[in-house]
Amino acid sequence: MKETQFNTRAVNLEVPGTRKFSNQVKEYEDGVDLTLGQSGFATPDYIREAMIEAINQNKLRYTHNRGLIELREAISDYTKRRFNVYYDAETEIIVTNGGSEAIDSVLRTILEEGDEVIIPCPSYLAYDPITKLQGAIPVLIDTTKTNFVLTKDALVNAITPKTKAIIFNYPTNPTGMIPSMEEMNELVDVLKDTDIFILTDEIYSDNVYDGEFHSFMEFPEVRDQLFVINGLSKSHAITGGRIGYILAPPLATEHVTKVHLYNSVCVATPSQYAAIAAFTDESGPGILAKMNVAYKERRDFVYKRLKEMGLPVELPKGAFYIFPTIFEYNKDSFAFASELLETEHLAVVPGRTFSIYGEGHIRISFACSMEELEEGCKRLERFLLAYKND
Ligand SMILES: Cc1ncc(COP(=O)(O)O)c(C=O)c1O
């Protein structure tokens, strides 16, 4: 077997920094892992019970490619309740294998070789490689000087005749930022009446700690360009369930369904039953709210500790991450994270993982337990002091 036998674009893909460091930290018995974006809480009982019941009732056959209609109806109802926007269960919703497959299936449906995709950065690590796999060109926009939110001017400057799509992700992984309604309005004003597709990855929309989250769904003037990506992985502490979904107009849904059915057929049937419970069980909202109270407490704790350590940092409004600057210690975030791992057995994600505009930062996940966070902060502080004294 030779390297040249493989698809060059696949060969050129890199393993993301999140995985590299979380794999390596497992080698240390006393390792602390603050890398991964998944809840430290167990998946709520009522969701697990629904999945077990589905298995016991032998609900293990293929479903409709777009997912069980009861699940699509539950997603439609949730969307109406949460955002006061209606998406039709029959024609505008696809249940996918997590948010990841949703992103991949949408990008594969819309992109042609040479198309440009605008990605505000630092950004979630999957957008750039999936775009490149299609032979399309990621156009990375630096948002570090504008509080990690894309501005109207930066957007206008990035648009060319080749722009096919833009990918928004609020609350943002890795910064936790959310734009104001006014800022969203300005972006919508630029994008409406263009043929640019808008992907809005709202996987953290139910993990918001300050202020209100507004969706691009709330702007009817862009509905015909919009692909909403969401899922239960983060909000319901069920990353392994692989439950995501896409909301999009009927024509878009028709085409994405074809890509989705060839790569997935459908989502695992017990996971779909678990998802119905997640959307419909009455105990759900209370449990989610409780988890969010705990995440907020953890966010506040780690923010305070980072400030005490003298690291410049913005307070994230949502998601599971905080993104301090380590520029004055080491401009190379990979070198910084590697040394931290070797000396303190503490794993964080180098900012460079989230594009070149993430360089000079590290990402710390606060979705883990309070004990892990306390220990992690202690080790980071010790590491910084040793660095200064070097
Ligand atoms: C912004 C963003 N989108 C999508 C995903 C993927 O989610 P899933 O586990 O549902 O595939 C993640 C996971 O970290 C994420 O941070």
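**Entry 1: the cavity**

Grid points are joined across faces, edges and corners, and a volume is the space filled by probe spheres set on the points. I noted that this is a predicted model, in which local features need pLDDT of at least 70 and side-chain atom pairs count only at pLDDT 80 or more, while totals for chains, interfaces and linings use all residues. Residues are numbered from 1 along each chain as its sequence is written, and side-chain values use heavy atoms, with hydrogens and water left out.

By this rule I found one cavity of 30 Å³ or more, and the volume of the largest cavity is about 90 Å³. Its lining has 14 residues, and those closest to the centre are Pro120, Pro122, Asn169, Tyr170 and Thr172. I sorted residues into classes in which Ala, Val, Leu, Ile, Met, Phe, Trp, Tyr, Cys and Pro count as nonpolar, Asp, Glu, Lys and Arg as charged, and the others, Gly among them, as polar; the lining of the largest cavity then holds nine nonpolar, five polar and no charged residues. For the elements I used DSSP runs numbered from the N terminus, helices being H or I with at least four residues and strands E with at least two, and I saw that β3 (116-121) and β5 (163-168) each supply at least two residues of this lining.

**Entry 2: the largest pocket**

I turned to the largest pocket, which contains about 1,300 Å³ of space and is lined by 46 residues, with Pro16, Tyr124, Leu125, Ala126 and Pro129 nearest its centre. Two or more lining residues come from each of α2 (17-25), α5, β3 and α6 (127-133), and α6 gives the largest share, six residues. By class I recorded 21 nonpolar, 15 polar and 10 charged residues in this lining.

**Entry 3: the ligand**

Where does the ligand sit? The space it takes is the largest pocket, a molecule being placed there if more than half of its atoms lie within 2 Å of the grid points. I counted 14 residues around the ligand, the closest being Ser100, Asp201, Ser233, Lys234 and Arg242, where near means that a heavy atom of the residue lies within 4 Å. Helix α5 (residues 98-110) gives the most to this shell, with four residues, and the shell divides into five nonpolar, six polar and three charged residues.

For polar contacts I took pairs of N or O atoms within 3.5 Å; within protein, one must be able to donate a hydrogen and the other to accept it, and residues adjacent in sequence count only if both atoms are side-chain atoms. A polar side-chain atom of Ser100 is 2.5 Å from an oxygen atom of the ligand, and for Arg242 I noted 2.7 Å between a polar side-chain atom and a ligand oxygen atom.

How values were computed:
1 Å grid on protein atoms, 1.4 Å probe; cavity = no way out; pocket = protein on both sides within 12 Å on 5 of 7 lines; lining within 4 Å.
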